[in-house]
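Here are some notes to read beside the model, point by point. Please keep the viewer open as you go.

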Amino acid sequence: MLPRKLFGFGSTLLKNSLYQCSQHINYSSQAEPTRMEKTINNVTLLGRVGGEPQKRGSGEHPVVQFSMATHTNYRYESGEFMQRTEWHRISVFKPNLRDTVLNYLKKGQRVHVTGKLTYGEVKGEDGMVRTTASVIADDVIFFQAK
């Protein structure tokens, strides 16, 4: 409790000040924006290019796409060695990176890609809608060609 002599609780000025402070506190606590949580969508791939990069899209929104293979090695209990290959669709939208990939990346070349995973839907010739996954490349590092 605050001493009465110091603040003079009987004064109208102090009551008005305290009222204004309480209104400000209530207002500011109600107007506080909701916080958005941070999320992460990072993909890092190291593998080989599956086919020559192709330019697609329109003149306004060009994109270069290529396929990339990665593999996982494992061994059965019998001792048999196996290799499982995964194929990835890589899309490059960044203008300078897009042009470099189109002009210099070749089939079979070893490549390191970092980017984001995205999903979309494609309607096939048979009318069926299929979900597709693609890596939107932020960076592509070329290794020596085969």
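Which residues does Lys 106 touch, not counting residues up to four places away in sequence? They are Val 49 and Glu 52, where contact means heavy atoms within 4.5 Å.

1. Before you start. This is a predicted model, in which local features need pLDDT of at least 70 and side-chain atom pairs count only at pLDDT 80 or more, whereas totals for chains, interfaces and linings use all residues. Residues are numbered from 1 along each chain as its sequence is written, and side-chain values use heavy atoms, with hydrogens and water left out.

2. The overall layout. The chain has 3 helices and 6 strands, read as DSSP runs numbered from the N terminus (helices: H or I, at least four residues; strands: E, at least two). Starting at the N terminus, their order is α-α-β-β-β-β-α-β-β. Of the 146 residues in the chain, 22% are buried; buried means under 20% relative accessible area, exposed over 50%, and partly exposed in between, with a 1.4 Å probe and protein chains only. Taking contacts between residues at least 6 apart in sequence, 53% join residues at least 24 apart.

3. The nonpolar core. There are 16 residues in the largest nonpolar core, and those with the most contacts inside it are Phe 66, Ile 90, Val 92, Val 101 and Val 113. Such a core is a set of buried Ala, Val, Leu, Ile, Met, Phe, Trp, Tyr and Cys residues joined through side-chain atoms within 4.5 Å. At least two residues of this core come from each of strand S1 (43–49), strand S3 (62–75), S4, helix H3 (95–104), S5 and S6.

4. The largest pocket. About 160 Å³ of space lies here. On a 1 Å grid over the protein atoms alone, a pocket is an open set of points where a 1.4 Å probe fits, with protein on both sides within 12 Å along at least five of seven lines; lining residues have an atom within 4 Å of a point. Grid points are joined across faces, edges and corners, and the volume is the space filled by probe spheres set on the points. Lining this pocket are Arg 56, Gln 65, Arg 89, Ser 91, Thr 118, Tyr 119, Gly 120, Val 122, Thr 132, Ala 133 and Ser 134. Two or more lining residues come from each of strand S4 (81–92), strand S5 (110–123) and strand S6 (129–142), and S5 gives the most, with 4 residues. By class, the lining has 3 nonpolar, 6 polar and 2 charged residues; Ala, Val, Leu, Ile, Met, Phe, Trp, Tyr, Cys and Pro count as nonpolar, Asp, Glu, Lys and Arg as charged, and the others, Gly among them, as polar.

5. Thr 70 and its partner. Thr 70 sits in strand S3 and counts as buried because its relative accessibility is 15%. Its side chain makes a polar contact of 2.8 Å with the side chain of His 88. A polar contact is a pair of N or O atoms within 3.5 Å; within protein, one must be able to donate a hydrogen and the other to accept it, and residues adjacent in sequence count only if both atoms are side-chain atoms. Not counting residues up to four places away in sequence, Thr 70 also touches Leu 45, Leu 46, Gly 47, Arg 84, Thr 85 and Glu 86.

6. The loop between H3 and S5. Both Lys 106 and Gln 109 lie here. Lys 106 counts as partly exposed, at 38% relative accessibility, whereas Gln 109 is buried, with a relative accessible area of 7%. The side chain of Gln 109 reaches the backbone oxygen of Phe 143 at 2.9 Å. Phe 143 is in the segment after S6 and is partly exposed at 36% relative accessibility.

7. The loop between S4 and H3. Phe 93 is found here, partly exposed at 42% relative accessibility. The C-alpha atoms of Phe 93 and Val 63 are separated by 5.1 Å, though the two are 30 residues apart along the chain. Leaving aside neighbours within four places in sequence, Phe 93 is in contact with Pro 62, Val 63, Arg 98 and Ile 136.
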